[in-house]
Amino acid sequence: MSDSKQKVHNPIQINTETCIRCDFCDWICPGDLIYHEDGNKEHLPVVAYPDECWFCGLCQKICPVDAITIIFPEQMINNKTDVTTLLGKVVE
Amino acid sequence: MKDDWKTIDTDLLIIGGGVAGCMAAIPALEAGLDVVICEKGKVLDHCGSVGCGVDQYLTVMDSGPEWDTPEFLLKYVPELTDGIVDMAVTSKLIHQMPRIFRKIESFGVNFKDPRTDDYYRLRSFGLPGTYHVNFDGTDFKKLIGQQVRRAKGAVLMRTMGVQILTEDNRVYGGIAFNFRTGEWYAIRAKAVMLATGDVNRISKNASGVAFDSWHCPYNTGDAQAMGYRAGATLANMESVETTLTPKGFSSQGLNALVSLGAHFLNKDGERFMFKYTEKGENARRAVIADAVINEYLLGNGPIYVDCSVMPKAELDFLEETLQVDRYTMPAFYQQKKHDIRTQPIEVSVSELSIRRSGVYFRGSGLAVDTNGETSIEGLFSAGDCATVSGGVAGAAVLGHMAGEGAVQRIQRTSDKRPEIDSRMAEDIRAGAMAHIGRQEGDSWQQFEEKTRQTVTDYVGFRRTDKGLKMALETLKSLAKKEPELKADDLHGLMRVHESQNIRLNAEIMAQASLSRKETRTGASHWRLDYPDTDNENWQKFILVDRGKNGPELRTLDCSRPLSDGFSRTKSKGAAA
């Protein structure tokens, strides 16, 4: 990619075939990430702020038709970070 | 007030609808008072730190044996907290535990193990008895939220408190906005309760995903910041908390593994925990985290948790309950293609929280008295933003105490409260709304990342005088950029406020850490230049107040309650 800004991973995958366009996922998201107009049966819910997901899974759990799957990004599943980089820089 | 303001007059305004806020609402509603709760989430039944569920609850039950009495647990509190604890508030909290436990049971929460129809009580984190009730708390918050709704507590959802209003060290309301509708609220109240939890998103984690955090990432120290700006005293802000997480996913759950009998191993397969503490894996969270940090620094990483040593029945139970604390935990292991029954789990040190430094009953945040009241009259606090904190049970019990305290305060107070000054309210709103649509300046994400990097490098573990001063310089210069922060929309405006609150908490933490010239409770305050615990000079609280040029610090001997440092209690004493 020429653009240095990577595409944001969306952990909240909504199955467009099975989603019944209810409001539950919008209603329950603790981070205000999922937007769906109350009672609108035309439009799918929109994950407006995917990079602010806590991976709590409440949306998946409450979905009445199991249309939501939480997909973890690669850096969480297959993490390569050296833990010592989290332990501070020594300045004396 | 202009017509486009929503104005509300109430008895008790509660900011934060988690366990502490809801438990405070309940006694106020029982006393017939009007209660308004502002909450950033959309449903009271599932908001706050345990909105997704909880699998343990710390309590004394007074069931007969001596260890199960408040007096027995209290005796161990000074040791558990390394002496930095407000014993007056803790004593009242522990004595109220059995009553509040039964009260929560009366809401329909089933703390019993369905296999035995009895409580399944475990010993965790160095406590001197099996005080942790292990249970299926999937609906815990739902049942508490329902209780508030049934009693007709008014709830403003997707609403963030931005400022509390005080006059002459007495609170009279708050300003809030709904980040879905853009409505602004001017709320006049006889008492205000701040219960927005701990401070997260303040340092980096293994995944580098900012909102992948052990504790709720939407808890951003809003209460501590709002309280501080209004003149409330904070304490214990130098202490940080970390935990051990499955590497890549900063989540709860290792506590359950360890209390069920899993072992920690280093890269050589050595069960090292006994090198650090005779309690082994049963030690306090802070001690366990400390040992793992040390092993990593010794070059003994990666560190693993091995569940394969557990009996089959415990493993079955573990697998059944893995999703209770974090619903997505089984999915994480599945997507990782990792079998926890047979394969050791690689462990990381989590990002930091300002909460209770890994020990029970020593909270970091708004200093409170035995009624949960802060140094500002009529302003209350409980939960992980208050100075006595103890997980979900601490939030429930102190929350309830603060609710009862607020009832007493309201009943004792005459109704001569100031009207909300419309010009001041307009200024607050205009200042906030100016962030939306700005072309120049940093995004809140860029701003927050700078705070996180600074804290990780110089304010987290391994603190030094020089490093802390460097961090303070950076954090103070970041403050100057706050008016220029950009928000794309109302949701972004909410995040801009959170980012500013996180930065302020980081600055207060750095300032307090700089002044505590000793090391205490291992990694929770680890000064490389003062590596020893100095009980002679530092059995003291560090109190933080807002000064003209930033945080001003003073100390108070730990034999005294924090409320001895409040001017309102002093002046009362003088008047009496």
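## Close-ups of a predicted two-chain model

**View 1. Val292(B) and the residues around it.** Skip the neighbours within four places in sequence, and Val292(B) is in contact with Leu244(B), Phe264(B), Ile303(B), Val347(B) and Val349(B). Keep in mind that this is a predicted model, here and in every other view. Val292(B) also belongs to the largest nonpolar core, which has 200 residues. Together with Ala24(B) and Met193(B), Val292(B) touches the most other members of that core. Which helix gives the most to this core? That would be α15 of chain B, residues 490–515, with 12 residues. The core also draws at least three residues from each of domain 1 (244–349) and domain 2 (438–575) of chain B.

**View 2. The open sheet β12-β15-β14-β13 of chain B.** Here 4 strands line up in that order, and the pairing is antiparallel. Which strands stand at the edges? Look for β12 (244–246) and β13 (263–265): each has a single partner strand, so one side of each is left without a neighbour in the sheet. On average, and ignoring direction, neighbouring strands are turned by 40° against each other. Zoom in on β13(B) and you'll find 3 bridges joining it to β14 (residues 303–306) of chain B, with the two strands running antiparallel. Within this part of the sheet, Leu265(B) stands opposite Tyr304(B), which is in β14(B).

**View 3. Helix α8 lying across the strands.** Helix α8 of chain B covers residues 285–297 and lies across β12, β13, β14 and β15 (345–349) of chain B.

**View 4. The open sheet β16-β11-β18-β19 of chain B.** This one is also built from 4 strands with antiparallel pairing. Its edges are β16 (365–366) and β19 (550–557); each has a single partner strand, so one side of each has no neighbour in the sheet. Between β11 (residues 234–235) and β18 (residues 540–547) of chain B there are 2 bridges, and these strands run antiparallel. Follow Ala235(B) across and you reach its bridge partner in β18(B), Leu543(B). Helix α15(B) packs on the sheet, where it touches β11, β18 and β19 of chain B. The direction of α15(B) makes about 45° with that of β19(B).

**View 5. Two domains of chain B.** Chain B is divided into domain 1 (244–349) and domain 2 (438–575). How many Å apart are their C-alpha centres? They lie 31 Å apart. The domains do touch, with 5 residues from domain 1 and 5 residues from domain 2 taking part in the contact. On the domain 1 side, that makes 4 nonpolar, no polar and 1 charged residues.

**View 6. Where chain A meets chain B.** Chain A puts 31 residues into this contact and chain B puts in 47 residues. On the chain A side, α1 (24–28), α2 (58–62) and α3 (74–77) each supply at least two residues. The one that gives the most is α3(A), with 3 residues. Sorted by class, the chain A side has 19 nonpolar, 7 polar and 5 charged residues.

**View 7. Asp66(A) in its loop.** You can find Asp66(A) in the loop between α2 and β4 (68–70) of chain A. Is Asp66(A) buried or exposed? It's exposed, because it has 10 other C-beta atoms within 10 Å, and exposed here means 12 or fewer. Asp66(A) and Cys25(A) are 41 residues apart in sequence, while their C-alpha atoms are 11 Å apart in space.

Methods
Residues are numbered from 1 along each chain as its sequence is written. Chains are lettered from A and ligands numbered from 1 in the order in which they are written. This is a predicted model: local features need pLDDT of at least 70, side-chain atom pairs count only at pLDDT 80 or more; totals for chains, interfaces and linings use all residues. Two residues are in contact if their C-beta atoms, placed from the backbone, lie within 7 Å. Ala, Val, Leu, Ile, Met, Phe, Trp, Tyr, Cys and Pro count as nonpolar, Asp, Glu, Lys and Arg as charged, and the others, Gly among them, as polar. A nonpolar core is a set of buried Ala, Val, Leu, Ile, Met, Phe, Trp, Tyr and Cys residues joined through C-beta atoms within 7 Å. A residue is buried if 20 or more other C-beta atoms lie within 10 Å of its own, exposed if 12 or fewer, and partly exposed in between; C-beta atoms are placed from the backbone. Domain bounds come from an automatic or database domain assignment. Two strands pair if DSSP finds at least two bridges between them. Axes are lines fitted to C-alpha atoms, for helices over the stretch in contact, and angles run from 0 to 180 degrees between N-to-C directions.
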